[in-house]
Amino acid sequence: MWVFLRLPALVTLLKVTRTVSVSDNGSVQTGPESPEDQDFFLQLALHLDAPSTEVQHLVSLLLVARKECPKATEACLPALSELRLAVWPHVQAETNSSFLPWMPSGHLDNMASEETQGGGVSSTRSMFYRHVFKAAGINTWANLHQITKDFYRAPYAATCKQFHLVDATRRTAFAFVRDPISRFISGYSELEYRSRAAIGWPKLENLSQALQGHPVGSPERAAAFFIEFLQTGIENNGHVRPQIEFFLPVGGCSIPMDFIGRTEHLQDDWVKMFALQNETVPPFDNALANHYHDDRDKKGMESFLGLARADSTDTSAPHTGSRYLRALCWLFLADFAVFQYEIPNECQQEPIQSVLALVRKASKAS
């Protein structure tokens, strides 16, 4: 069936060219723009059954995010901000809430003041690691330390300054990402542990107060956290914010990515990343470092979201968990789309299915 998209959406699609490729195992590599890009998007526009205006709008924003955010351009934040406003009504509908949206930001807690970024020098290049919280960061630091010299950790501003002092042909910027739902649950587990153990940031005092009175590890406690998350984004805390926000420029300084791997294929992506620069390194060692957590918290959130393990005897999980899971799918839509993760079965509904299917078609054609 031959149909035309509305002109504004078509123009946006034509402007979004393919600069990011996704391999079979999900790793993302930036590359030069292709002269066939506009032809591709024209064919995409012409050959599909006419999607709704909302689907067109969401797809166009996600294609901009897929192009601009891994390159850390100034165009990333406006696209993510408009996307947040576009998905928020779905978040409100799924959670039956009226909370105002908290907006994307590159100024995530601890990024500016703590040594959360950094790198080292491999045998051929300066390596710059963009640390996405809750995506094997501690282990990546440990492995990077073992195979590089002049290893360092630093706040973002210092890392970005150093990045731009190195010739572009002698540097590699990389990051790893994780399944968005798994990462959110892990982030909740860490923040819960930190708030109880009084480890970390003063802002966790607000979280501790919100969780008081709810048993540790219970779905009710997870629900209280989820409400706080909807209201504040946990005060800009990067452990549960969308991963795509980690690639935003900060303070006018950008670190464009050369390689974005996935923790689910960490060992393969680690070797592949160095192979692309003609280096051979030891396999990634998952046992070099461990992060503290309490498995009770993980189980509590899984239960609240309706993801309780099959062998669980917990019968206290709310029957409405799937709608909270769907709210997360909307909030993390850019992570699912840009990093090519499959959404859970509970989120396989319209219009999100059509949106991700169209973005996936663009990725496969890259």
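N237 lies in the loop between helix 9 and strand 7 (259-262) of this predicted model. With a relative accessibility of 3%, N237 counts as buried, because buried means under 20%. N237 and F133 are separated by 104 residues in sequence, yet their C-alpha atoms are 9.6 Å apart in space.

- S105 belongs to the loop between helix 4 (76-95) and strand 3.
- The relative accessible area of S105 is 16%, so S105 is buried as well.
- Leaving aside residues up to four places away in sequence, S105 touches N236, R241, E245 and L248.

- Helix 5 spans residues 137-147, and its buried residues are G137, N139, T140, W141, N143 and L144.
- An α-helix has 3.6 residues a turn, so residues three or four places apart point the same way.

**Helix 7 against helix 11**

- Helix 7 (residues 180-197) packs with helix 11 (residues 295-304) at an angle of about 130°, and the two axes are 8 Å apart.
- The crossing of helix 7 and helix 11 is right-handed.
- On the side of helix 7, the contact is made by F184, I185, Y188, S189, E192, Y193 and R196.
- On the side of helix 11, the contributing residues are R296, D297, K298, M301 and E302.
- By type, the residues of this contact comprise five nonpolar, one polar and six charged.

**Salt bridges**

- Side chains of opposite charge can pair when their charged atoms come close.
- The structure contains 13 salt bridges.
- One of them joins E190 to K134, with the closest N and O atoms 2.8 Å apart.
- This pair links distant parts of the chain, since E190 is in helix 7 and K134 is in the loop between strand 4 and helix 5, 56 residues apart.
- Both E190 and K134 are buried.
- E192 forms a salt bridge with R221, where the closest N and O atoms are 2.6 Å apart.
- The pair again connects distant parts of the chain: E192 is in helix 7 and R221 is in helix 9 (residues 219-236), 29 residues apart.
- E192 and R221 are likewise buried.
- D294 and R296 meet through their side chains in a salt bridge of 2.7 Å, N to O.
- D294 is buried, because its relative accessible area is 15%.
- R296, by contrast, is partly exposed, because its relative accessible area is 44%.

**A linked network**

- E192, R196, R221, D294, R296 and D297 are joined in a network of salt bridges.
- Among the members of this network, E192 and R196 of helix 7 and R296 and D297 of helix 11 also take part in the contact between those two helices.

Conventions. Residues numbered from 1 in each chain as written. Predicted model: local features only at pLDDT ≥ 70, side-chain atom pairs only at ≥ 80, totals over all residues. Heavy atoms only, no water. Buried < 20%, exposed > 50% of the residue type's maximum accessible area, 1.4 Å probe, protein only. Helix = DSSP H or I, 4+ residues; strand = E, 2+ residues; numbered from the N terminus. Axes fitted to C-alpha atoms, helices over the stretch in contact; angles between N-to-C directions. Left-handed = near helix turned anticlockwise from the far one by under 90°. Contact = heavy atoms within 4.5 Å. Nonpolar A, V, L, I, M, F, W, Y, C, P; charged D, E, K, R; others polar. Salt bridge = Lys/Arg side-chain N within 4 Å of Asp/Glu carboxyl O.
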